[in-house]
Amino acid sequence: MKTTTLSLNREAYLRFLAETLEQDSLESVRRHLAVLDQALAEPPGALPQLFAITEPEAAVDLRPDILRAELKRISKAHTLNRARHYLRQLQAAACRVRTTGINDINLCRWKEYDEVITDSLWLVDRRDNSGAHLGWYWGNFIPQIPRQLMLRYTRRGDWVLDPFAGSGTTLIECRRLGRHGIGVELNPETAARAADLVQRAENPYGVQTPIFTGNSAAFDFAGTVKKLGIDRVQLVLLHPPYHNIIRFDNDPRNLCNAPDVERFLDLFGRVLDGAGRVLEDGRFLAVVIGDRYARGEWIPLGFYCMQTVQKRGYLLKSIIVKNFEETRGKRRQKELWRYRALAGGFYVFKHEYILLFQKR
Ligand SMILES: C[S@@+](CC[C@H](N)C(=O)[O-])C[C@H]1O[C@@H](n2cnc3c(N)ncnc32)[C@H](O)[C@@H]1O
């Protein structure tokens with residue numbers, strides 16, 4: 001969703017808020033704010049000084065829709081004290097930055113981050129197919145997944161590690177958001193095509209996004225990050241094959257060719273150990289995984305993987321259920337699965353898990 005911002009002269013805006021704070025009745029606070037609201041609706045209204053910006057440093061960029069909603073909230077306050085409390089919040093939003101340290105979300109302006117999901121159920125109706133996100137790789141994930149995770153768990157300039165890089169979705173998103181990314185992919189052809197596409201994607205922040213061809217279960221992550229001039233990464237994003245649901249190739253080292261679930265989890269655990277070792281303490285690790293069926297039985301791969309991570313001492317922070325409802329085509333297939341479900345006594349699974357852990 002496109003949102004617009006409005007540049008206001010910071011000093012004039014703060015002066016206006018300070019004057020409003022000095023009002024000694026709710027009525028006069030409301031009258032004051034009505035002038036500001038009118039000026040925001042039809043700039044410059046009665047406040048030309050608010051829009052007079054001589055240099056960019058003198059400006060504060062605000063979302064007019066959110067600011068006007070705040071003005072409404074203040075005007076509806078039942079007590080002068082409450083109204084003043086909200087006014088002080090507006091002051092802080094214009095001049096303070098408060099973050100958790102693991103992302104760039106300014107908590108003083110948290111209402112402006114409506115793109116960032118905080119619920120555990122993600123219903124996504126459309127894949128982001130823009131730019132380099134071509135969606136050519138069978139088994140890729142929707143770019144919204146790495147995007148959301150990076151917005152929540154990384155800052156600009158941080159490093160993200162994706163040991164199952166596939167078509168490079170994570171790395172393309174890294175470039176868009178100004179995060180460095182390291183990808184490792186076993187299949188040489190996939191890795192080469194991904195590297196080529198990632199290289200061609202726009203890189204407005206000039207970040208590094210190399211893809212290495214290699215087996216993540218035995219990869220030298222520590223040596224690789226060292227060569228890149230860093231000690232640690234700030235986010236690990238694991239999107240392994242959902243065991244043998246998709247056969248990516250015939251390489252026995254590919255997790256899709258593990259002969260059984262135990263062996264799959266063993267290989268997954270090795271990747272986890274290697275990648276987790278270079279993750280900075282206190283930072284996050286995410287696993288994107290779906291379940292599967294085998295001989296009429298639901299195999300909860302997601303829960304098995306969750307336990308595999310927990311056993312290594314990570315703190316489970318969230319279990320997100322994601323459902324992606326592709327709106328195009330597939331109607332006949334959907335009907336077939338519905339029939340099978342009705343006849344076979346099971347539910348058609350469409351959801352996947354995004355499991356979030358913090359390294360203690
Ligand atoms: C589910 S896909 C990841 C797709 C990726 N997120 C994307 O959007 O394109 C899993 C990928 O892991 C790769 N893979 C499987 N076993 C591997 C291993 N041992 N080392 C490195 N990559 C592996 C597969 O070849 C496949 O491309």
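This is a predicted model: local features need pLDDT of at least 70, side-chain atom pairs count only at pLDDT 80 or more; totals for chains, interfaces and linings use all residues.
Where is the place of Glu280? Glu280 sits in strand 8. Glu280 has 17 C-beta neighbours inside 10 Å, so it counts as partly exposed. Set aside the residues within four places in sequence, and Glu280 is in contact with Arg232, Val233 and Gln234. Val236 is 44 residues away from Glu280 in sequence, yet the two C-alpha atoms are 9.7 Å apart.

Beyond its neighbours within four places in sequence, Leu235 is in contact with Leu149, Met150, Tyr153, Thr154, Asp158, Val160, Arg283 and Phe284.

Now step back to the whole chain. The protein chain has 11 helices and 12 strands. Its C-alpha trace spans about 75 × 55 × 40 Å along the principal axes. Of its 360 residues, 32% are buried. Among contacts with a separation of 6 or more, 69% link residues 24 or more positions apart. The chain is divided into domain 1, residues 6–96, and domain 2, residues 121–358. The C-alpha centres of the two domains lie 44 Å apart.

Confidence comes next. The average pLDDT of the chain is 95, and 98% of the residues score at least 70. Among the elements, strand 4 (residues 159–162) has the highest mean pLDDT, 99. Helix 11 (residues 331–344) has the lowest, 88.

The model also contains a ligand. Around the ligand are 23 residues. Asn140, Phe164, Gly166, Ser167 and Thr169 are the closest. By type, the shell divides into 10 nonpolar, 11 polar and 2 charged residues.

Some backbone details deserve a look. Pro43 and Pro44 are joined by a cis peptide bond, with omega about 0°. Pro44 lies in the loop between helix 2 and strand 2. Gly45 is in the loop between helix 2 (26–41) and strand 2 (59–62). Not counting residues up to four places away in sequence, Gly45 touches Gln38 and Ala39. Gly45 and Val35 are 10 residues apart in sequence, and their C-alpha atoms are 7.8 Å apart in space. Why is Gly45 partly exposed? Because it has 15 other C-beta atoms within 10 Å, a count between the limits of 12 or fewer for exposed and 20 or more for buried.

Two residues other than glycine have a positive phi. His243 has a phi of about 50°, and Arg295 has one near 45°. His243 is in the loop between strand 7 (233–238) and helix 9 (261–277). With 25 other C-beta atoms within 10 Å, His243 is buried. Arg295 is in the loop between strand 9 (292–294) and strand 10 (297–299). With 5 other C-beta atoms within 10 Å, Arg295 is exposed.

Definitions and conventions:
Residues are numbered from 1 along each chain as its sequence is written. Two residues are in contact if their C-beta atoms, placed from the backbone, lie within 7 Å. A residue is near a molecule or strand if its C-beta atom, placed from the backbone, lies within 6 Å of it. Ala, Val, Leu, Ile, Met, Phe, Trp, Tyr, Cys and Pro count as nonpolar, Asp, Glu, Lys and Arg as charged, and the others, Gly among them, as polar. Domain bounds come from an automatic or database domain assignment. Helices (H or I, at least four residues) and strands (E, at least two) are DSSP runs, numbered from the N terminus. pLDDT is the predictor's confidence in each residue, from 0 to 100.
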